[in-house]
Amino acid sequence: MYKVLIADDEAIIRGGLARFVESDPEFRVVATAEDGRAALALAREHRPDLALVDINMPFINGIALTEQLVAMLPDIVIVIISGYDDFSYAQNALRLGVLDYILKPVMEDDFFDLLRRAKVRLTESRGRQRYLSWARDQMERYKPSLIDHFFQKWSARQLDALEVEEQLRYLNLVVPAQYEITAIDLRDNYEQQTDGQPEEAWDDNLLYYACQNIVEELYSAETKPQSFCGQKGNLMVLAPQLPNDRSQRLLANIKEMVERYLPVKATLARATGSGEQNVPDVIDRVMEALEDQIQYSIVVTNALQYVERNLSNTELSLQMVANALFVSPQHLSRVFKHETGDTFGTFLTQARIRRAMVLLRQPKLKMYEVSSRCGYSSQYYFSSTFKKALGISPNEYRKNILGYGGEKFEKEK
């Protein structure tokens, strides 16, 4: 039901308009006023959808009232009802976006046509409001994921300066002039039992969000942080730079609280920076510092060494490595993901691509030999995987690195 305000200094006109309005069950008169000042106060109280406004009223005339109503209620539909057939009044009313400017006496058929048109505009307006409300809700719901995606693309240098500025504004993010970035790595602590819960009760997402809550609560006592998920799945925190002693105490508190309440061992690193354009460089530095501190378990260390020794084996798999280490593939998969931040399959592909990048620097090696030494039985699949990882084909990479013309390599199959 649409709410209607009637403002006219003649009681008989107010009464007649009210009867017309309420003959349509979708409209209800919520207030009537005999002057512009009273009409404005009633509009603040009732927030009407439709206002029928007389031009000539005491204290505030119809044009001035319309201006104030539109400023207060941007989606209100206004109809000017006047006893004056004055072009300047009509021109000003239309400039303010009123639905119509009609003359007294108001004919019944004309008025019902007016209500029909008002209903169309109000329906469209409510539809827009519902969509905008839905869009805002979706934005808030998915904002953490959007922030994660933005920082991951930014740290990978996939955004130019204009895109960074647009995304910061869109996501309502502010990079302090002087800031610090903390990276937190979580690894399973198999010796710890948490409230008697089995290990399976804690999956990766639950651990991440539990850690995020602890970190944000501890940071909020010092400053306002912005947390996000890094490219390797680490929890990252961007915050205004603190004095070194306070920052170190904060990191020690985070490590203590995370390891007290979660079945993990936490490793933390911190790097400072200034200027939003340097954020990707600071993220690189903090990740290097984090990786320098990480110590892999014996199982993962042996798995990494086994993969490195057997990269050329096209049959190399998680099952093969698990068999060699006398552990179950399920256990190896879980430990490997928690300690390296990558699945076994992702790590294996990256290791093969890294080896290919080294071998492609040797101009005498044919492409099928590079493919074979990296564990690919299909040269086509190798080229496809390489291009997907680096954005260029192996031939293009070799040409760029060696400065050769690529013609002699194009014939290789």
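Okay, let's start with F326, which counts as exposed because its relative accessibility is 77% (exposed is over 50% relative accessible area, buried is under 20%, and partly exposed is in between, using a 1.4 Å probe and protein chains only). F326 isn't a glycine, yet its phi is positive, at about 60°. You'll find F326 in the loop between α11 (318-325) and α12 (329-340). Those labels come from DSSP runs numbered from the N terminus: helices are H or I with at least four residues, and strands are E with at least two.

Before I go on, a word on what we're looking at. This is a predicted model, where local features need pLDDT of at least 70 and side-chain atom pairs count only at pLDDT 80 or more, while totals for chains, interfaces and linings use all residues. Residues are numbered from 1 along each chain as its sequence is written, and side-chain values use heavy atoms, with hydrogens and water left out.

Back to the backbone. N172 also isn't a glycine and has a positive phi, near 60°. N172 sits in the loop between α6 (161-170) and β6 (178-188), and it counts as exposed because its relative accessibility is 62%. Then there's the peptide bond from K104 to P105: is it cis or trans? It's cis, with omega near -5°. P105 belongs to the loop between β5 (100-103) and α5 (108-155).

Now for helix α2, residues 36-46. Which residues of α2 are buried? They are G36, A39, L40 and A43. These four are on the same side of α2, because they cover an arc of only 100° around the axis (the arc is that of the directions from the helix axis to the C-beta atoms).

At the N-terminal end, D35 caps α2, with a side-chain oxygen 3.0 Å from the backbone nitrogen of R37. Just after α2 comes R47, with a positive phi of about 50°.

Next, cysteines. How many disulfides are there? Zero, going by the rule that a disulfide is a pair of cysteine sulfur atoms within 2.5 Å. Take C229: it's in no disulfide, and the nearest cysteine sulfur, that of C211, is 11 Å away. C229 is buried, with a relative accessible area of 16%. C374 is buried too, at 0%.

What the side chain of R352 does reach, at 2.9 Å, is the backbone oxygen of C374. Leaving aside neighbours within four places in sequence, R352 is in contact (heavy atoms within 4.5 Å) with residues including L311, N313 and Y376.

Last stop: R169, in helix α6. R169 is exposed, with a relative accessible area of 59%. That's me done, thanks!

How values were computed: Polar contact = N/O pair within 3.5 Å; in protein donor to acceptor, adjacent residues only side chain to side chain.
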